[in-house]
Amino acid sequence: MSLFTRVLRTLHRRFSKRLLKVPEWRQELEAALAGAYSAYCSGSMRTNTEASLFLTSWMGGKDDPLFAAKLVVDVLMSEVKAGPPNHAYRQRCRFCARMVAAIHGEAEEVHEHPAYAAAIYSLNCGHPYLFKEILVRLLLSCYGRAVANKADLFSQLAVAFDLLEHPKRAEALLRHVQTMARTGAVRPITADFALRLLAVVCALQTKIATVFLLNAEAEPRAQTVYGLSSLQVDIAWTLAICRTAMVAMTSPPRLFAVSVEALKHIAKRRPATDDLIDIDMLMHGLDRSRYPGLAALSSMTVLRIMREAPPLGLDDESLAMTFVNAGNAVLGNVDLAAEWNLWARQYFEELIKLVDCGEIRTSPDVQYQVAQAHAGIGYSYSNLARTAGHDERTDLYSNAKRHLDHAIGLLQQLRRDRWIEARVWAVAGRVEAACGRMHDMHWRFAAALLAGATHYQLNVENLVHFFSPDEDTRLKYSEVLADIGDTNTAILLAKAAVRGIHHYAAPSEAIEDLASEEARDLASAYIGTRTLAHRTLINELSEVGRYNEGELAYDLLKENEYNEFTRRSGAEAVVAQHVALTPFELDAIRQSGLGAAVLDVKCLDRRDAIVNRLADIFSGLNGTIQGMIDSRRFSEAQPPARDGIDPAKNLGKTDAILRFIASGSALSISLSTYYEKKQLVVPIDIRALGLLIFEFRQQCRSSSSDLPSVHALGQKLYHILFDPIEDAIGKEIAHLYIESDRLLASIPFAALHDGHGYLVQRFSLAYLNRVALYGDAATSVGNAEHAAIFACTNLLGEELPGAAREAEIISRQLSMRPAMELDCYIDQQCTVEGFLREIVRPRGGRGLVHLATHASFDPSSDASSSLAFLDKELSIRTLRTLLEESGCDTGLFVLSACGTARQDIDVEGFSSVLLRSGVRTVLSTLWETFDASAPAFFRRFYADVGNSPSAGTTALAAREAQLALLTPSGDCKAEFIHPAHWAPYIVATARIS
């Protein structure tokens, strides 16, 4: 006898006794249903016939179908938590849906069917997956197939799919209902509901024009369905979508939540004028949310209220401001600007006409709004001009300049000095630049940077208070300067834009007072919609080869995407570490006289003179910054002391030196081998090359990037750098010494790809860093066969389990060498004092030191760039000072820490400091290493490197270790084949021996 048959017989016996008390009777029902579910899990109860037979016996033909449907939901789902759907949860939901949909109902309309009501009930109980399953079962049942009007099911299914994060399916169902509604075959309430939900979908996609079309399509049904005007219903849905969008931080607001909010508001039956202030405030709040485009929807709704239901006592300034806000909200969104320029201009022009004809009475406050309207028209023309043809572009820029000049004239007459005026001047500056008037461009932007200066703090040596607090003004000036080649000044303004965004999103003093997660989420949302500034800064830094600063800005951008730094204490300090003024920028600012020029900035009578002075300074600031870069001690210029030293004289027959020097629009490539020297110059786009190098580095250092992308970028770089010299590199060459300027120095050459394999699969590689050739390092007489191992495995607030495994592997391997004397300093012994004592130990150019710890590099400060030890941190500045006095003649120095190969304009890197002190060879890293793969790398490395390794033998050992990670076996796991794990390790030397 099957389990299903036993369940049916038990039901007949139990329900023949109807004298049971009600509680006992319900218990019997629950037990029977539990038995049926067990049968379902065992493979029975899988057909509609079996489900109907069970329900006939279970209900006894007497129970209310709606009560029975809800009872099924209660019994099966009462103790089930609605978390992420797993197999058991989905199975229970499917059985419940099968039972509910099989309950017979006599309803003519689908919304009256007990299963439909049970679906809504399950949603209210917190089971969206069950909600969807019941609706699908009902739709596929005999009843669902026969019913004429399926629109109610489709509308609710759209809500269900949206809740389950299938927005495309939801939108498709709603569009199907829209098509059905146009035939008149859908109930008015269903048609209105579907159209409103579709409008919500479009609003979240910033398709604001479509939202208004859908609202117009739903308009005839407003009075019939709700007994309200279409304006009142539109306001309810606008408030609902804007409010829910404002607090939606990690995922889009759900259709269900928006509809509940809208229907609650409709039930209040408020006059349209009562909602005016709420909608107007939403416009400003949405600007800080993840959906700033909705500000256009709210502002245009405000304007509609002003026109159709103006509040009593409305003043002329408020009405004028409404037109300006509506136009600015449209233009302020990049996605809308190209499509809606004409619409925005219409708002501005309408205001000007209303003032000119006297319908809006003029006053200084109204004239201020008129000035903003002219500026908006100018902005709209300039937007169109950027994508227009040459002939049309001239006329468009001419119109833009005419309106912007008119706006500026009005603002100068009114002398309000508000920071919002900065955007008017900035757009005018961009127009002047597009027309080739550079002096006027600088003058306009100088005025923009000083707009409202009487009301805010100004400090030219502080990025947060670097002139106008408006990040849009700073960014526009940066973009224009980058276009004309003033990249150094552009970087300065882009840095100020980024710092301003973070500061005004959540100032550090305010973060401490934020008790709720919502406030922190809003800060993250504000930054998340303004990442153009971060990307602009990253690109500009990359174009001029300032990769360390670029990577810090990149990391800041990524941290915000993961909502990390806005939730941490001390967020302002963290941002300052990522984006800071470098010493050479600070020196250039001081030398240019920027601070002195703005001493009297709060005096309006002196403003024009200060603007003129500021424009002159900014026009020459790029050259001042470049001069500071060129004068730095660690510039690429080769000092005369090196001219007589030829590193190629010690080359072996299988060695070659490749030198790359990028200058202007050309790349110089020279090849030196045992037999010959060859040099050529190829044309390049140096800005594009900088961007390519930066993108390649980011793809390499991120273990989650896909390998095809890494290979494609590696091939692009390979074709630029190696194709011109490929034929000259003979087949006998097995080792390359690579020397390059700062632009190319941070390339992970090992990961370059020729279409067949990585460069490291053809050659062993060493980076030639001739910084030590200022003079000959002294060679001491001491214990040549000595190794010192330092490993900090448990630093304050950070554990480094990989360092412990690393130290164990290395010490075991080195201790087996009879001629090697070994000292290990692990954890408590890993101190700065012990480290400094060991690195000055005489080794006669042999032996080795290995340090496994955490490192940090700050491109703006050698005091903040440090190696971590148990007791304290050791900065580059302190290390350099000691080694300049004592020297270090160790043969091999291994820095197994994050980014120890980095160096910058103002900060000499760890590798350079060691090489200049006399170290023969340094193994360091280009970026962060992994605890999982580092031990495997060093296991193979120390198996191949000798007691007294040269640069060549060290490079060969490093290559073998990298190839081992590329060939999964043993402790080399499959994921280690990604360059993130093996490409950061580089060998550097000052001499070829």
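This briefing describes selected features of the structure shown above, grouped by topic.

The model is predicted, so local features need pLDDT of at least 70 and side-chain atom pairs count only at pLDDT 80 or more, while totals for chains, interfaces and linings use all residues. Residues are numbered from 1 along each chain as its sequence is written, and side-chain values use heavy atoms, with hydrogens and water left out. Helices (H or I, at least four residues) and strands (E, at least two) are DSSP runs numbered from the N terminus. Buried means under 20% relative accessible area, exposed means over 50%, and partly exposed lies in between (1.4 Å probe, protein chains only).

- Two strands count as paired if DSSP finds at least two bridges between them.
- Strand β6 (residues 786-791) is parallel to β10, and 5 bridges join the two.
- Strand β14 (residues 892-896) also runs parallel to β10, with 5 bridges between them.
- Leu851 of β10 stands opposite Phe790 and also opposite Leu895 in β14.

**The largest nonpolar core**

- A nonpolar core is a set of buried Ala, Val, Leu, Ile, Met, Phe, Trp, Tyr and Cys residues joined through side-chain atoms within 4.5 Å.
- The largest such core holds 325 residues, and Phe722, Phe749 and Phe941 have the most contacts inside it.
- Helix α11 (residues 188-204) gives the most to this core, with 12 residues.
- Contact means heavy atoms within 4.5 Å.
- When residues up to four places away in sequence are not counted, Phe941 touches Leu892, Val894, Leu923, Thr954, Ala957, Ala958 and Ala961.

**Two residues in helices**

- Ser259 belongs to helix α15 (residues 255-268) and counts as buried because its relative accessibility is 6%.
- The side chain of Ser259 reaches the backbone oxygen of Phe256 at 2.8 Å.
- Leaving aside neighbours within four places in sequence, Ser259 is in contact with Phe193, Leu197 and Trp237.
- Tyr554 belongs to helix α29 (residues 547-561) and counts as partly exposed because its relative accessibility is 22%.
- Tyr554 and Asn539 are 15 residues apart in sequence, and their C-alpha atoms are 9.7 Å apart in space.
- Leaving aside neighbours within four places in sequence, Tyr554 is in contact with Ile538, Phe694, Gln698 and Arg701.

**Positive phi values in loops**

- Glu165, a residue other than glycine, has a positive phi near 65°.
- Glu165 lies in the loop between α9 (151-163) and α10 (167-181), and a relative accessible area of 55% makes Glu165 exposed.
- Asp827, a residue other than glycine, has a positive phi near 55°.
- Asp827 lies in the loop between β9 (821-826) and α37 (832-839), and a relative accessible area of 26% makes Asp827 partly exposed.

**Aromatic rings**

- A pair of aromatic rings is described by the distance of the centres and the angle of the planes.
- Rings of Phe, Tyr and Trp (its six-membered ring) pair if their centres lie within 6.5 Å; planes under 30 degrees apart count as stacked, over 60 as edge-to-face and the rest as tilted.
- By this rule there are 26 aromatic pairs.
- The rings of Phe212 and Trp343 form a tilted pair because their planes stand at 50°, with centres 6.2 Å apart.
- This pair links distant parts of the chain, as Phe212 in helix α12 (residues 208-218) and Trp343 in helix α19 (residues 334-356) are 131 residues apart.
- Phe660 and Phe722 form a tilted pair, with 6.0 Å from centre to centre and 55° between the planes.
- Phe660 lies in strand β1 (residues 655-663) and Phe722 in the loop between α35 (707-721) and β4 (735-740), 62 residues apart.
- Phe660 and Phe722 are both buried.
- Phe445, Phe466, Phe467, Tyr477 and Phe618 form one aromatic cluster.

**Charges over rings**

- A charge sits over a ring if NZ of Lys or CZ of Arg is within 6 Å of the ring centre and within 35 degrees of the ring normal.
- The charged end of Arg345 sits over the ring of Tyr381, 4.0 Å from its centre.
- Arg418 lies over the face of Tyr368, at 4.6 Å from the ring centre.

How values were computed
A polar contact is a pair of N or O atoms within 3.5 Å; within protein, one must be able to donate a hydrogen and the other to accept it, and residues adjacent in sequence count only if both atoms are side-chain atoms.
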